[in-house]
Amino acid sequence: MMSLFLSPASSGPGGSCKGGGLITKHGGHKNGRKGGLSGSSFFTWFMVIALLGVWTSVAVVWFDLVDYEEVLGKNFGKLGVYDADGDGDFDVDDAKVLLGLKERSASKPTVPPEEAEPYPWLEEQVIEDSGPQNTEDEVQEVQIESLLHEAVYTEHGDDVQQEEDGQVREPQPEDDFLVGSDTDDRYEPLETGTFHEGLCYLPWQLLTVLQGWGWEEMSQECACSCSGRFLITCTSLFLDKKIQNKNLFFLSVKKKKPKLLNKFDKTIKAELDAAEKLRKRGKIEEALSAFQELVHKYPQSPRARYGKAQCEDDLAEKRRSNEVLRGAIETYQEVASLPNVPTDLLKLTLKRRSDRQQFLGHMRGSLITLQKLVQLFPDDMSLKNDLGVGYLLIGDNNNAQKVYEEVLNVTPNDGFAKVHYGFILKAQNKIAESIPYLKEGIESGDPGTDDGRFYFHLGDAMQRVGNKEAYKWYELGHKRGHFASVWQRSLYNVHGLKAQPWWTPKETGYTELVKSLERNWKLIRDEGLAVMDKAKGLFLPEDENLREKGDWSQFTLWQQGRKNENACKGAPKTCSLLDKFPETTGCRRGQIKYSIMHPGTHVWPHTGPTNCRLRMHLGLVIPKEGCKIRCANETKTWEEGKVLIFDDSFEHEVWQDATSFRLIFIVDVWHPELTPQQRHSLPAI
């Protein structure tokens, strides 16, 4: 059992923890007497001392307690790293410095000169889970038993998918499931066996134990040690400010950095450091030349070749060159093929290679890399989770499902696996079954689960089974920045565009287009009806699983700004008419199509993928009663020869309860507030 020792002491606010025993809150007898024992109370005090002796014996055995001064004596070599103010001991002032509540004293460095300046990349470095480690220079892993096993390390990042000012983003596959993100691994320190600060939390149960040790008898600030490996700060004032109303106990813990050097690379560490320093300073071309020279000089050095790959990776981003990026992907493969590659470096290399392959759209190549990673590190569930995503990106939901079932069989509380497994079940139309996986996955707070897509699908699934909690999750998704509002839940957005469910032609600025559609509505209708009569196969059933029931088909003339020449042969006059309006034919985030809906059809409440377009509906054949559309909280009906305009990034729903079919013409247009540059650069959807 790991020894955990706290020795609370108090001398008023700012008191330190140097005493070995537990003292009272006010430091003396409650009546203020400091005299010796009276004869009449001798037996009473004898019993108290005896009981204290029994309690102390039990506590030492049960809690593995040791004397605090002895801990300092044995462990000061380890605790010395926490001596932040250079006064030769570890006290409250040191705790304040380590918590960022007080500036570090510059007069007395507490670490050797070569380590005195903290490495600048420590706060930025993304640490990957590592597999089996080399034993040399290994720092023993910390094992926290009993209640400490419940400590959790979580890391949340913003997941808002905004496309500001027309900036060119990565091309997204049409599959709505790119959940990965670029990992910024641009600077891995070359030192081995080093730790850096992280955060985790102890559960309420451990806090209860601490209260049993005298938590309530402590002063406002008291810092104590835990076997020299952790810094526990018992600061009620800090708790009040930082984690108010949370039953958590703050713990600052050291998290290990990846080991990137093998035995040989340690011998050329100075040369590697020099080249890496150039890369860190943004001198990419110079760094690339330096690493190329090292690769030529030391062809078997994994770290030198990895540095070369990183420089090529950086250069590709700087020059926006796919050709250079392909070279980096090849160099990453060369690193993995070398002998004696450290485990951490091998994992980082292949993960980055897979990520860059996905960036280029090489999904199958990325999948092969992920499969190799899982072969090398079969016990790493995070890699299996990545493999599942790899299968999803190529549309192989069956193999993705097998992967996530395997992960959940080993780690049933894996939130990442749960949300993806829930997504797969929902895609299979197993709506009710998908809900607990999506819900529990999001609630886990695991990295990768706080994603708008999962809130989107969870709410949608709940709506379909009549669960009124759907809007609670939409509201939470909105509060966490995934949705513009509870009603407007598109995921691929440009920030700042005017947002309202219904629009007038004048508000859009596309009055000429609207006039042309309404003036020629019979021509458009007749060509649509002719296609229906002559070639019913051109109208394809809706395939996005948006219908609760009924029959709904569409005939598409333009998709993502591309004209379907064959389709336009069936409606040549309509296509010729639309060619004059680039705001619709050039809308790469929209469509132009006929839509026919038969009686008895209900379309579930849903939202479009982006706020970058508006949708026009031209009524062609509209039954007198039974057909209506709701957008947000307002419901309207179509009229023959008239255009309705709405923003389909807002929730909308359709009913067709008439006795005959309904035919409309759908025309998507760019949102009027998008600039010409944005319309040109935004990727298609």
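**Helix pairs, cores and a disulfide in a predicted model**

Helix α10 passes α11 in a left-handed crossing, a term used where the near helix is turned anticlockwise from the far one by less than a right angle, clockwise being right-handed. This is a predicted model, in which local features need pLDDT of at least 70 and side-chain atom pairs count only at pLDDT 80 or more, while totals for chains, interfaces and linings use all residues. Residues are numbered from 1 along each chain as its sequence is written, and side-chain values use heavy atoms, with hydrogens and water left out.

**Helix pairs**

- Helices (H or I, at least four residues) are DSSP runs numbered from the N terminus, and their axes are lines fitted to C-alpha atoms over the stretch in contact, with angles from 0 to 180 degrees between N-to-C directions.
- The axes of α10 (residues 322–337) and α11 (residues 343–359) come within 9 Å and cross at roughly 155 degrees.
- That angle makes α10 roughly antiparallel to α11, the label given to angles over 145 degrees.
- Contact, meaning heavy atoms within 4.5 Å, is made by residues including L325, I329 and Y332 of α10 and L346, T349 and F359 of α11.
- For α17 (residues 452–464) and α18 (residues 470–479), the axes come within 8 Å and cross at roughly 165 degrees.
- This makes α17 roughly antiparallel to α18, and their crossing is left-handed.
- Among the residues that meet are Y455, F456 and M462 in α17 and Y471, W473 and Y474 in α18.

**Nonpolar cores**

- A nonpolar core is a set of buried Ala, Val, Leu, Ile, Met, Phe, Trp, Tyr and Cys residues joined through side-chain atoms within 4.5 Å, where buried means under 20% relative accessible area (1.4 Å probe, protein chains only).
- The largest such core has 55 residues, of which L272, L294, L387 and Y404 touch the most other members.
- Helix α13 (residues 381–393) gives the most to this core, with 7 residues.
- Leaving aside residues up to four places away in sequence, Y404 touches N385, G388, V389, L392, F416, A417, H420, Y421 and I424.
- A second, separate core of 41 residues includes C568, C575, L577 and F665.

**Cysteines**

- C568 and C575 form a disulfide, with their sulfur atoms 2.1 Å apart; the criterion is a pair of cysteine sulfur atoms within 2.5 Å, and by this rule the count comes to 1 disulfide.
- The link of C568 and C575 is left-handed, with -85 degrees about the S-S bond, and both cysteines are buried.
- C627 is buried with a relative accessible area of 7%, and C631 is buried with a relative accessible area of 0%.

Note on methods
Buried < 20%, exposed > 50% of the residue type's maximum accessible area, 1.4 Å probe, protein only. Helix = DSSP H or I, 4+ residues; strand = E, 2+ residues; numbered from the N terminus. Parallel < 35°, antiparallel > 145°, perpendicular 65-115°, else oblique.
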